[in-house]
Amino acid sequence: MGMRAAIVVGATGLTGTSLVEQLCENDEYVSVTVIARRKPAFEHTKLEVKIRNFDTLEENDIEFAHELYCCLGTTIKKAGSREEFEKVDFEYPLAIASLAKKRGIPHMLVITAMGANENSPFYYNRVKGKLEHDLMELGLQRLSIIRPSLLVGERKEFRFGEKVGEKALKFAKPLLVGPLKRSRAIEASQVAKAMIVIALYTREQPVTIYPSQEIATLDFPEIKDEEALRENLFNWDKNKAPNTIGEDDKVNQDVIIDRDKFKIKETVVDKEVKFKRRDEK
């Protein structure tokens with residue numbers, strides 16, 4: 001059983017929902033705190049929910065944790081305007097990262113997007129790229145940037161554009177090989193799992209960017225069954241008591257030591273040797 005604590009923002013979205021569930025079921029974590037604008041449907045004994053307004057979030061709202069997972073994200077249509085979209089996808093994550101740094105949280109994992117680039121001709125990718133750039137400039141102790149392609153899974157709200165894209169990518173998946181493999185759609189649950197794997201098992205570096213094709217392959221290391229390990233450790237057959245040793249393991253009791261070959265010859269001082277005293281000449 002581990003002793004880790006995690007904070008999740010964006011916990012009510014597609015990836016965030018799966019992430020919270022997986023964190024709560026993971027033995028390495030004893031505490032999972034969700035900071036959200038509404039209460040998630042999922043409940044667990046490890047889970048604590050803080051309902052907060054992200055516009056007025058303060059340092060006291062974020063306690064120490066080993067990891068801060070940021071899954072915040074929306075669409076321009078849902079947000080209502082570009083300004084509101086940038087607030088959710090850029091301003092909030094950056095402000096939360098700044099508070100986390102003050103709190104001494106050593107690792108932030110944030111979801112951006114495949115193609116994130118502040119110089120991109122596409123507005124969405126420019127915003128994500130700008131977020132990545134400013135997070136790097138913030139000087140966090142450790143930053144892991146997750147760049148998935150199109151996320152698929154069961155959403156609560158219907159997104160027509162994403163559904164069309166999901167079906168198109170599903171149809172084209174056999175054709176997406178080599179360099180195009182990175183464009184394959186990816187399950188949100190896999191992205192969530194990959195984030196936990198990165199937090200627990202990957203080498204610590206100041207900044208690491210994980211492309212979608214790598215995220216798709218990340219998995220927990222295999223752990224051998226505990227009983228099997230104990231059986232290998234305590235192989236009693238190799239440590240039998242003397243009365244249980246087989247005939248082949250016994251010392252040959254028929255061996256007779258020829259003591260005549262190992263007699264120690266006595267050394268006798270020559271009796272004819274005479275010693276002169278110091279005063280004798």
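Helix 3 and helix 4 are roughly parallel to each other, a label given to angles under 35 degrees, while over 145 counts as roughly antiparallel, 65 to 115 as roughly perpendicular and the rest as oblique. The structure is a predicted model, in which local features need pLDDT of at least 70 and side-chain atom pairs count only at pLDDT 80 or more, whereas totals for chains, interfaces and linings use all residues. Residues are numbered from 1 along each chain as its sequence is written, and side-chain values use heavy atoms, with hydrogens and water left out.

The axes of helix 3 (residues 82-103) and helix 4 (residues 123-137) cross at roughly 15° and come within 10 Å. Axes here are lines fitted to C-alpha atoms, for helices over the stretch in contact, and angles run from 0 to 180 degrees between N-to-C directions. Helices (H or I, at least four residues) and strands (E, at least two) are DSSP runs, numbered from the N terminus. The crossing of helix 3 and helix 4 is right-handed; a crossing has this hand if the near helix is turned clockwise from the far one by less than a right angle, and is left-handed if anticlockwise. On the helix 3 side, R82, F85, E86, D89, F90, P93, L94 and A97 meet Y123, Y124, V127, K128, K130, L131, D134 and L135 of helix 4, where contact means heavy atoms within 4.5 Å. The residues of this contact divide into 10 nonpolar, no polar and six charged. In this grouping Ala, Val, Leu, Ile, Met, Phe, Trp, Tyr, Cys and Pro count as nonpolar, Asp, Glu, Lys and Arg as charged, and the others, Gly among them, as polar.

Seven strands form an open sheet in the order 3-2-1-4-5-6-9, with parallel pairing; two strands pair if DSSP finds at least two bridges between them. Strand 3 (47-51) and strand 9 (207-211) are the edge strands, each pairing on one side only. From one strand to the next, the twist averages 15°. Strand 2 (residues 29-36) runs parallel to strand 3 and is joined to it by five bridges, and T33 has E48 in strand 3 as its bridge partner. Helix 3 lies across strand 1 (4-9), strand 4 (67-70) and strand 5 (108-111), running at about 175° to strand 4. Helix 4 also packs on the sheet, where it touches strand 5, strand 6 (143-147) and strand 9, and its direction makes about 170° with that of strand 6.

S18 is buried, with a relative accessible area of 13%; buried means under 20%, exposed over 50% and partly exposed in between (1.4 Å probe, protein chains only).

Leaving aside neighbours within four places in sequence, A11 is in contact with G16, T17, V20 and V34.
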